[in-house]
Amino acid sequence: MNRNPDSRIRDTQTKQIQESITHVEKHFGDLCQLFAGYVRKTARLRDKADLLVKEVSQYADTETPNLKHGLKNFADQLAKIQDCRQAEVERLEAKVVEPLKTYGSVVKLKRTDLKLTQTAQNREAKQMRQLERMRQRHPSDRQIISQAESELQRATMDATRTTRQLEETIDVFERQKIQDIKKIFMDFVSAEMIFHAKALELYTTAYQQIQNVDEEGDLEVFRTSLHLPDYQSRLDIVHANSRTSLNRTGTSMSKSGTLQSRNPVSQGKRDYDDDEEEDEDEDLEDVTDNEN
């Protein structure tokens, strides 16, 4: 059965509205999932960077002073960047992901309105078919035909009313959708710009901290620490050899002095006891003089 032009127009409008709602439902859902994944990836990057900060700080404790200072400052700047990244995660969650989530319930409401309109239009189409059957079966029964025409008229009025209401509702929906998607994407870009602007500042400072490490100063510290144990060991050996040589010389001189005369040796020993705070070279000279 051929439908009247108004019915066909309403059907076309309803189909377009249905397609629009379907597109929003699909693509907003996909965007929500992708943005949520983006936020999760950013949060995981923050966690990995926190581990990097910890490792750099622990490594710095093992290094020479200038490099240690530079690494500590580098780690501090990197930690501040992760604080900014945390703020970015929270901002994206609140201003991007959550607004997209709300469109799940919005789309459900629009589908409910669409279903009411489609039900009214289907009722109109049914009344049209029923009227056509009555005209074919009872062409001379005006009462039955008139009743069917009245039913069709009420169905048509109801379909027209619900279609108009759907048009008004979907018009508001489309306006709100455009405004929301603009705001969501602008908020996304703003959150990224805020983070990257601050991160650039902190990365610049971190770069300078590493660049300013005094390589020559640290090399000098390293070389000193590398040779210090050997130098001390040599001094210890020299001191030990000096004491051994002195002891041997003193023993030999004591024996020689006993054969010649005990008195000079005894006097030398007293001199040695009285001057024990003098250095070893002077003691050696005193003993030699006594022998002579």
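Is Glu 174 buried, partly exposed or exposed, and at what relative accessibility? Glu 174 counts as partly exposed, at 23% relative accessibility, where buried means under 20% relative accessible area, exposed over 50%, and partly exposed in between (1.4 Å probe, protein chains only).

## Basis of the model

This is a predicted model in which local features need pLDDT of at least 70 and side-chain atom pairs count only at pLDDT 80 or more, while totals for chains, interfaces and linings use all residues. Residues are numbered from 1 along each chain as its sequence is written, and side-chain values use heavy atoms, with hydrogens and water left out.

Glu 174 forms a salt bridge with Lys 177, their closest N and O atoms being 2.8 Å apart; a salt bridge is a side-chain nitrogen of Lys or Arg within 4 Å of a carboxyl oxygen of Asp or Glu. Both residues lie in helix α3, 3 residues apart, about one turn of the helix, and Lys 177 is buried, with a relative accessible area of 17%.

Asp 187 and Lys 183 also form a salt bridge, with 2.9 Å between the closest N and O atoms, and they are 4 residues apart in helix α3, about one helical turn. Asp 187 counts as buried at 15% relative accessibility, whereas Lys 183 counts as partly exposed at 48%.

The whole structure holds 11 salt bridges, including one in which the side chains of Glu 25 and Arg 111 meet (2.8 Å, N to O). Glu 25 lies in helix α1 (residues 5-60) and Arg 111 in helix α2 (residues 65-137), so the pair ties together parts that are 86 residues apart in sequence; helices are DSSP runs (H or I, at least four residues), numbered from the N terminus.

Methods: Helices (H or I, at least four residues) and strands (E, at least two) are DSSP runs, numbered from the N terminus.
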